[in-house]
Structure formats: C-alpha cells, structure tokens
Amino acid sequence: MSEQRLDSNDPAIMTHRLRKVLLLEKEKKFTDGAVIGGMDGFVKQWALEAHRNVVHPMFRSTLRRLELVSPDYASKSPRQRADWIERVLRWADGFAGVPQEGEQPPPSRRQPAKRAAARPAKRAADAATVLRAGQSLDTPLGEANGFTPFVIGKLERLGVSTVRELLYLFPRRHIDFTRVSPIASLEVGREQTAMGTVWEASEVKMGASRRRSTEAVVGDDSGNVRVVWFNQPWVARGLRPGTRIALSGRVALHRGHRVFENPEYEPMAEKELVHTARLVPVYPLTEGLTSRRLRTLIKKTVDACVGKVADFLPEEHRRRRSLAALPQMIGQAHFPDSLESKERARRRLAFDELLLIQLGVLHRKREWKQSMPGHPLRADPAVLDAFFAALPFEPTGAQRRCVQEVMADLGRSTPMSRLLQGEVGSGKTVVALAAALVAAANGQQTAFMAPTEILAEQHFRTVQQLLKVVAKPGQTQGIVTVTLSPQSRPVTVAVLTGGLSRKRKQEVQELANRGEIDIVVGTHALFQKDMEFASLGLVIVDEQHRFGVMQRSELRQKGYNPHLLVMTATPIPRTLYLTLYGDLDISVIDELPAGRREIRTRWLDADRRDSAYAFIRKQVGEGRQAFIIYPLIEESERLQQAAARQEHRRLSEEVFPDLRVGLLHGRMKANEKDKIMRRFGAGELDILVATAVVEVGIDVPNATVMLVESAERFGLAQLHQFRGRVGRSEHESYCMLISESPTPGASERLRLMETVHDGFQLAEEDLRLRGPGEFFGTRQSGMPDLRMARISDLPLLEEAREVAGDIFEADPTLERSEHRELAAAVERAWRHRTLATGEA
C-alpha cells in the first residue's frame, strides 16, 4: 500500500511537524535539546517554510503573534519556555487531524472510518429513544428519555409536560439565516450567515466590568472577521483552531471593523445545521432555559417523534382543501425548508386550531339545546314600562333594541344563550337588569356574576342608582328591596362576594336558598357548593372572557337549565366572535348615551411626566378629579401592592402634598376598597392612585383625567377600558399615556390610542398586533390556544367552519371510525384549556 503524498500547504500538515518537536522538548524538561542546533534554528526554519507555503493571511499573522518567526527560545527561562510551548501547542492542537473540505488528515492522526461515522449513528440512536416501546406522545417528559428534572421544570413553566405538548410548542418566529455571504461581503446590520475556519479562539475579559467572554477570529478565502460572545466564556472551549464552522447573526461595526456579536454557531461537520444557515426557530423562553438548548431539544424530539403523530383530519377534507399531511407540517413549522414550506405548515396548523374550536363550539351548542328544556319567561310590558320610567335617564335606542332581543329569547322554551356586547359606559347593566326584573316577575331568581369583587359591588351600587327613585332598604346591609310600581311585587337584590363576613355570607345564602332573594350579584362565591338557589332562572355573566367554560357550566347546573346572558365591554370583531362564541347569539349596544364626549388622548414620553402632573393639578383646581394607574408588576399582586404604595407615598408627599390622594389596589379587603371608592365618588379625594383594578367597576362622572404610567405594558383593549373610566359627564376629559421605553409594537399601540376612539376598530387592531390568544387571555377564557391562526385568516376561518359543519352534520358525536382520531384531538384541545384554568 503506497503512502499518500502530504501537501505542505496544508496547515494541519505543517503544524503536525512542529507539534512533534514541541512535545519532545517538553519531555526533555525544556532544556533546548529536542533538535540538534537548538530550538531557535528549527522554529525559525519551520516558520519560514510555513509562511511560504500556507498562504492564508490569518495563519501568517498568527506566526508573528506567537513569536514563531523569532522565538528567542535560548534566552528564555525554563518557566517562560514552558509557557511559550503550551501556547503554541494549544494553537497547533487545533489543526492536528482537522482536514479541510475534500482532504484527508495526516496518517498519524487519521481515525478509522467506523469511528468517524459513529457520531451521526449515535445521534440517531439517541433520538430514537425519546420514547420507549409502548409509550405514546402523551407520555410525560419525566418518563421519556433525554429530559433532566431541571429541563422538565423549565418546560412546565412554558405549559409543556408531555412529548406531544413539546411538539406543539411552536416558534414565535423564525430568523432568516439562509443568506450565506463570503466574510469579505458581510453587511453591517443584516441577518446573514458566514462559513469559515476558526483561526484562534480564547477566553477574554471585556469592558469595564471585565466580563468573561469569548473572542475568536474566523476566516475564509475572502478575509477574516472578529467574533465576540459576551458573557459566554464556555464557547471558547468548543472552538478549536482549524474547525470549520457556520456563523449566523448580525454584524456590527466596532472602531471601523466588522464584528460578529453573539452569533449562533455550529460546526460544519454536523449532519444537519440547526442553529445557523437556515430559517432558525425562535421559541418562547423562561429563565434558565436558553434558546439554543430548547431548539436542540425540540429538534431531537421532532426527528424522533413526529412520525408518531396521527393525522386526525379525514383524507377527503385534506385533499379538497389542499392541506398537507400533519406530521410533515409539524416538522416544517419548527424547522422549515423555505418560507413557502413555513407558510404551508402554518396554514395547516391554523386550520386545525380553528376546526377543533368550531367542533367544540358546535358540541356545546348541541348539548345546550338538547339538554333539559328551559323555563319560558313572559315579559310583562307593564314591568318593562315601569322599569324604563324609573330610570334616571332616557334609554338609548340601542338599549331598547337589545332589551327586546333578550325578551324574545326569554320567552322561548330553549334556554337563552346570548352575548351582550357594548363599550364601557354604553349601558349594558340596564339591559341585564331588565332581564333580571322580568325573571323576578316570573318567580325566577337571577345570579349576576362578575369577575372581581369591585365590579360585583359596582353592579350592586348601579342597581341601587338606577332604581333609587323607588328603592327601599332591606333589613341587612348589602340587601335592598325595590318596588317598580304599586301593582308589581317587591324585588329583593343582594350582593355576595368572598370578602363578606361569614355571618353575612351565610345569611345571603340562606335567603337565596329559601327564594327570598330575587337577584344575587356576586363573584365566584355564587358557584361554591354551599350556595344553592330555590329557583334559578337566569344567569348573567359580566366580562365573559374572564371566566372559564367550566365555571359558567357549574353555575348553570345550579338551576333548572337557566337562561344565560353574557356581557363584555371588550368589542369583539365578528370574525373572532364567529370562531370563539359561535354557540351564542349576539346583541350589540352600538350607541353611547347622550352627552358622552370624545376623550382627548395623548402619548407622552417619561420626561414630560411633570407637565402631566401640572395638568392634573390644573384640573383639580377647577373642581375635577383624576386617576393615576400603575401596571401589574411581574404578575405579582404583592409586588404590585408595594409599587402602588410606594408611588402613592411619593405622589402624596412630594408631588401633590396639598391635595387629597387615595390608594386602591387588588389586595385590599372588600370593605377597604368600598370605602375608598365611596370617598372618591363623593369627591372626598382629588386623585386616586390605583393598579389595573380600575379597568372595570369604577364610575365617577366628576373624574376627567386618566393618567396611565408604563402604558406600553398594556394592550389596546385594556387602555381603552381605562380611558372609558373618564368622560362620563359634560366636562371635557383627557387620557395621558406615559411610556418609558416602548417597543415598536407598543409604540404602534400608543399611536393608535391617540387617533382611534372607536372600540371595535381598536379591538381589530389589538387582535392584529397581539393575536387572539393574548387578546383574550385564552388561559382564562376556557378556549383552546390559538398559536397559528390569525385574525386575518378569514378564508381559512370560513373553510374550517364549513368543514366542521359538514363533519358535525354527518357525525355529531364523532363516533365513526374515520373520526376516532378527530374526536381525540377535540377532546385534547378542550381538556387542555379546562385543566390550564384549574376548572376541572
């Protein structure tokens, strides 16, 4: 067997010769005896030959930097010789046995072919063992292979606990690293990929804080680029000189030179690039779990397990709608081959989401209609006439129309299932109260359910205000009796919240159980097991999306299949309504009461805060009042309370020491909140500092200024709700939005708030900017997550509704064999949301 010729222009060959001599000198204890004539002569000659034969400029500059051109070895001390040889060996070791593309390594370093092929085979074997024999995709990660307790804990914080859920943890977006450029052609500020050889890599300390980082030089035939990984010293240990790698990221300009800063990287020897040179997925993260680690985990899981995914969509529908196979599309959703493949995957998965929601909604509607018949309630015109006459204002045409729509439903034997939609201040409570009074006239009780104690107490006060002309106080605080006309029976209204004393709560429960209370306004306390109604005929749920499906069902089961009216002040675009609330009929109050004026809205930078305070002082001087809102901080009520208290102290002591400043936050007891709201409503406070608790439930007509701090933290719908707390009188009202450092998305929201005052238009924009899941908070809505579907997917939504209708008409219970997988998918989608909200 003839020996292969070794070219001397290969860095690996050249450094191999040097390395042998350096190792021998090391064995001789640095005595300068490894070669005849001494190390200086040999090294100089070697460097001259290397400089002549290896043409890469980076290799040549390294010869000088490592003092190989003039080592001056003889004059060094033994310790200096040892340090110098270690430095050169580290550099030379990087080239030993690392061939360039298409080349063989030196014979002395060449590995057997079997061993070289072992790594991909081992990776395939590792991937194949994510699931053991007999395990399914619903196997908990703790029972699968390859997931440490640390990683499992982090994934659970992302809502992932099974292999299937990890497959469905789709990227938020992809970074396009498909543009590969020669190093000399890299452009500053663009996402791009370069491929080259690591010439050197080392741990360095950077900046004034001396942060441990990695610095490397990577080159190709066109040139070299400096690469920096800040705060990542471990990267240096994985980058051996001579290694071919791919780099993907943005190139910055530092002192006139291009620098890759914190790029993704991976060796070119990998069988498939995951982090570079492709459309790279970006996943939602949690503290302690890096994007690189999560991406690697998901790639392993997709490769091993996506083939086990059953396509639940019948083939005829898949073919007719030109939808690709599900397993393939899950893989492409994570690691697409192209932008076209990514969109095909999104379309299929979005269709699935919409279809599963539609089938669940149709099932709920069928269950509602085919369950026990409802109790028809006759709407006595005399009752409604007396109610409208008792109101302290003239109802709008929209309110009267919605009342008639509700009355028509109440008169049927099928239980009403209606959504009442209207802006803040549009008068939804008037419509709800009309329905409750009709129920009372028919001897039926009403449960009026609100998401918060503040809102429940506000509704109770509103009922008293609406009927104050004929109100008669009951014998207990929190219970009132009203008589609409001499001919009608008295109607008793009570409030029941978790903040009531045990004695008061027990008294309300006993009266409701005996049928002596007609309308009970409350929170989740209304569906606790010790709360029973004598004859529950109507359930009213305010702020529908804040309640889970199971909570509403539990409350409904307490009565004889009661009528259901759900209300929301969040304008819902028709497209989303058809998707999420297709089981409900809809009434819209699209007319505001007379006298409501447009609220002037301004977005202010943080440095204009003092001018905002001056404006508040001016308004208070004219006899008006103001809100100052602070956001929820890190989703912690305790921190929220502390921040609100701190700001309240600062404002009352430093900014407005001469004004009366109150404080309202979510951790206050019910009686404390009530006291503060009553004082603010009575004009005893000039300014109310509050957390987001005022989004709903506070109605103070004299308040004309709403100042929202850190407004970039809120969505458009919530900001519009805040704004709706003012502008309830004949006085000009104002909303000021202060933002510290808004993202581009937040800036767009704040600009829209300045120019758009229509709630429906803002809702459309909010859905466009944030997506349906974040818009509604699907974990609280009881609806399956919408991860892939967009509100703009109108044709796809119509297709999903059509397919769902066809399937449901042919097989409403999904019992046929061809629908077995589909039934399981529907059950998983809706069960997942139920468990996520803790409503099971």
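In the predicted model, Leu-155 is in contact with Leu-141, Phe-147, Val-160, Leu-166, Leu-289 and Leu-294, when its neighbours within four places in sequence are left aside. Leu-155 also belongs, with Phe-147 and Leu-822, to the residues that have the most contacts inside the largest nonpolar core, a set of 61 residues. At least two residues of this core are supplied by each of helix H7 (149-157), helix H8 (163-167), helix H9 (291-305), helix H11 (326-334), helix H12 (339-370), helix H27 (794-810) and helix H28 (820-836). Of these, H12 gives the most, with 10 residues. Another core, of 51 residues, lies apart from the largest one and includes Tyr-613, Ala-626, Ile-687 and Leu-688.

Helix H9 also holds Thr-301. Thr-301 has a relative accessible area of 0% and is therefore buried, the limit being under 20%. With neighbours within four places in sequence again left aside, the contacts of Thr-301 are Phe-147, Val-163, Leu-166, Leu-167 and Val-306.

The cysteines were examined next. Cys-305 has a relative accessible area of 1% and is buried. Cys-735 likewise counts as buried, at 1% relative accessibility. A disulfide is a covalent bond between the sulfur atoms of two cysteines. A search of the whole structure for such pairs finds zero disulfides.

Definitions and conventions: Residues are numbered from 1 along each chain as its sequence is written. This is a predicted model: local features need pLDDT of at least 70, side-chain atom pairs count only at pLDDT 80 or more; totals for chains, interfaces and linings use all residues. Side-chain values use heavy atoms; hydrogens and water are left out. A disulfide is a pair of cysteine sulfur atoms within 2.5 Å. Buried means under 20% relative accessible area, exposed over 50%, partly exposed in between (1.4 Å probe, protein chains only). A nonpolar core is a set of buried Ala, Val, Leu, Ile, Met, Phe, Trp, Tyr and Cys residues joined through side-chain atoms within 4.5 Å. Helices (H or I, at least four residues) and strands (E, at least two) are DSSP runs, numbered from the N terminus. Contact means heavy atoms within 4.5 Å.
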